[in-house]
Amino acid sequence: MKIIAIGRNYAEHAKELNNPVPTTPVIFMKPDTALLKDNKPFYHPDFSEDIHHEIELVLKICKEGKHINEKFAADYYDEIGLGIDFTARDIQSRHKEKGLPWELAKGFDGSAPISNFIPKAQFEDLYNLNLRLDVNGQTRQNGNTKDLLFSFEKIIAFVSQYITLKKGDLIFTGTPEGVSAVKPGDHLQGYLQDQKLLDFQVK
Ligand code: MG
């Protein structure tokens, strides 16, 4: 399986990092070794002084497709969950300055904690879902999928022009504003519509 992630998919987050609001989706990938499941602790790596949390809605792809038409793209994901796109912001900033790829900032081990997945049919409106991240009991990020720049269907249509999607692939759909650094000892709790799906420690 592979993990595809979308950058700058909420305008207010693009602005907080002084990035332009994109006109086509910004795509990057994480290796499967980035996955962290079952609310296992995240071990803060020592190569970064500035690991940021980015809470994101994650789509699980349910069948193979290439050149998927946006009109049919909803048939290609049947479950959703929450994930954290941990980002070594200091490394990413240095790489952005030099025009270098982001993998070391985005793809390191444990950089993709994910929750259990829930059938999307259980939600009334996928474009009015609240996602929230609390750190040590304080809300840091509180967004809603109504503010997505590129819909889930647009993302699937766009990505599948270039990369075949396969059953089990995950798509991180971007983070709302409020990203900030985590440190060992922090307790992260992620909520989708008031349902707690993520609950783990930084060590
Ligand atoms: Mg992200």
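The points below go through a predicted model of one protein chain with a magnesium ion.

1. Basis of the note. Because the model is predicted, local features are taken at pLDDT of at least 70 and side-chain atom pairs at pLDDT 80 or more, while totals for chains, interfaces and linings use all residues. Residues are numbered from 1 along each chain as its sequence is written, and side-chain values use heavy atoms, with hydrogens and water left out.

2. Overall build. The protein chain has four helices and 14 strands, where helices (H or I, at least four residues) and strands (E, at least two) are DSSP runs numbered from the N terminus. Its radius of gyration, taken over C-alpha atoms, is 16 Å, close to the 17 Å that the globule rule gives for 203 residues, so the chain is as compact as a globular protein of that length; the rule is 2.2 Å times the number of residues to the power 0.38. The C-alpha trace spans about 45 × 40 × 30 Å along its principal axes.

3. Burial, surface and contacts. Buried residues (under 20% relative accessible area, against over 50% for exposed and in between for partly exposed, with a 1.4 Å probe and protein chains only) make up 54% of the 203 residues. The chain exposes about 9400 Å², of which carbon and sulfur atoms supply 48%, the areas coming from the Shrake-Rupley method with a 1.4 Å probe. Of the contacts (heavy atoms within 4.5 Å) with a separation of 6 or more, 76% are between residues 24 or more positions apart.

4. Glu 54 counts as buried at 3% relative accessibility, and Asp 85 does so at 0%. Donors here are N, O and S atoms within 2.8 Å of the metal (3.2 Å for Na, K and Ca), and because water is not among the atoms, sites may look incomplete.

5. Strands E5 and E6. Strand E6 has six of its eight residues buried, so this strand is largely enclosed by the rest of the structure. Seven bridges join E6 to E5 in an antiparallel arrangement, two strands being paired if DSSP finds at least two bridges between them, and Leu 59 has Ile 80 in E6 as its bridge partner. On E6 there is also an antiparallel pairing with strand E9 (residues 118-119) over two bridges, in which Glu 79 stands opposite Pro 119.

6. Strand E1 and its partners. All five residues of E1 are buried, with Ile 3, Ala 5 and Gly 7 on one side and Ile 4 and Ile 6 on the other, so that both faces are covered. E1 runs parallel to E12, joined by three bridges, with Ile 4 opposite Ile 171; E1 runs antiparallel to E2, joined by five bridges, with Ile 27 in E2 as the bridge partner of Ile 6.

7. Helix H4 (residues 152-162) is mostly covered, with eight of its 11 residues buried, including Phe 152, Ile 155, Ile 156 and Phe 158. The buried residues of H4 pack against E1 (3-7), E2 (26-30), E5, E6 and E12 (170-172). In helix H2 (residues 89-98), Arg 89, Asp 90, Ile 91, Gln 92 and His 95 are buried, and these pack against helix H1 (11-16), E4, E7 and helix H3 (103-106). Just after H2, Gly 99 takes a positive phi of about 70°.

8. The four-stranded open sheet. Its order is E11-E10-E13-E14, with antiparallel pairing, and strands E11 (138-144) and E14 (195-201) stand at the edges with a single partner strand each, so one side of each is left without a neighbour in the sheet. Strand E10 (residues 130-135) and E11 pair over six bridges, with Leu 131 bridged to Gly 143; the two form a hairpin with two residues between them, where Asn 136 in the turn has a positive phi of about 55°. Strand E13 (residues 187-192) is joined to E14 by six bridges, and Leu 192 stands opposite Gln 195.
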